[in-house]
Amino acid sequence: MGRVRSPHPYGQRKFITMSDGATSTFDLFEPLAEHCVGDDITMVICPGIANHSEKQYIRTFVDYAQKNGYRCAVLNHLGALPNIELTSPRMFTYGCTWEFGAMVNYIKKTYPLTQLVVVGFSLGGNIVCKYLGETQANQENVLCCVSVCQGYSALRQALFGDHVKKPQSLEDSDLSRLYMATSLMQIDDNVMRKFHGYNSLKEYYEEESCMRYLHRIYVPLMLVNAADDPLVHESLLTIPKSLSEKRENVMFVLPLHGGHLGFFEGSVLFPEPLTWMDKLVVEYADAVCQWERSKLQCSDAEQGEAALE
């Protein structure tokens, strides 16, 4: 009910042709106010599974971020938009960072002076954290990263046997299994892992999860989950908790309530469209921006004193 009155921000759709022929799209929204530190800052946003810029929670967040001085670039996952055809035999996957990386590179080239705030929701949280940890170069010009309601690891040991399957190309029999699939896991096993050349579903989930990359992220990182999230088992929350205890750049936020990308405020039946989650992400980004600005001012002051001496 809280999404009924979501705003409709206006943006421009951008198209990028990937090396394999896939057509990646993202929507670009310009800021509607000056940022609190006066700088050019872009939020690069990766939505949740099968989501895109037209989803209500994304619209609400983008509208709020624009009004607080942020440019927003929102990735539309491959195959998520009904009016954008697939131009290669591939759709979005759990941990593929190709399209997100292409969007970030576009922003860096188009706005060479902008600084980036990286934001990922649910599955998008896994993608952005994996992207940042894949190479140090991906963290250049990044002020901070925020991940909301991701699960950190898709691997479920009890579901796998000891056998290892040989690599297979996609065949007609695989497509028939796709049509009969009754779970995302069956789709991943019959189709998605084969697109990316993994021998087994176990290997696919291990390699595509951001857990192996989190320790390589050196920019400020806020990991947000809810204790009552029905999609993220409590055992998975040991991952961000342990990381935050070991790394001073990592903050783990775990309210008791919030569900999965809920975090509503207001009355029970008609909560406010703007959520605690939206405000938290923007306030954290503002704080990091102000901290970076104060560090720069202190450095300039020290250099001035040194010159006088």
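1. Which residue in strand 2 is the bridge partner of Thr 17? The partner is Thr 23. Strands here are DSSP runs of E with at least two residues, helices are runs of H or I with at least four, and both are numbered from the N terminus.

2. This is a predicted model, in which local features need pLDDT of at least 70 and side-chain atom pairs count only at pLDDT 80 or more, while totals for chains, interfaces and linings use all residues. Residues are numbered from 1 along each chain as its sequence is written, and side-chain values use heavy atoms, with hydrogens and water left out.

3. Strand 1 (residues 12-17) and strand 2 run antiparallel and are joined by six bridges. Two strands pair if DSSP finds at least two bridges between them. Strands 1 and 2 form a hairpin with five residues between them. In its turn, Gly 21 has a positive phi of about 95°.

4. Strand 2 also runs antiparallel to strand 4 (residues 71-76), with five bridges between them. Here Phe 26 stands opposite Leu 75 of strand 4.

5. Strand 2 (residues 23-29) is largely enclosed by the rest of the structure, because six of its seven residues are buried. Buried means under 20% relative accessible area, exposed means over 50%, and partly exposed lies in between (1.4 Å probe, protein chains only).

6. An unreviewed UniProt entry lists Ser 122, Asp 229 and His 260 under "active site". These residues are spread over 139 residues of sequence, yet they cluster in space, with a largest C-alpha distance of 10.9 Å. UniProt positions are given in the numbering used here, feature names are shortened, and annotations may be inferred rather than shown by experiment.

7. Asp 229 sits in the loop between strand 7 (221-224) and helix 7 (238-246). Its relative accessibility is 6%, so Asp 229 counts as buried. Beyond neighbours within four places in sequence, Asp 229 is in contact (heavy atoms within 4.5 Å) with Cys 149, Gly 259 and His 260.

8. His 260 lies in the loop between strand 8 (250-253) and helix 8 (276-308). Its relative accessibility is 24%, so His 260 counts as partly exposed. With neighbours within four places in sequence left aside, the contacts of His 260 include Ser 122, Cys 149 and Asp 229.

9. The side chains of His 260 and Ser 122 are joined by a polar contact of 2.8 Å. A polar contact is a pair of N or O atoms within 3.5 Å; within protein, one must be able to donate a hydrogen and the other to accept it, and residues adjacent in sequence count only if both atoms are side-chain atoms.
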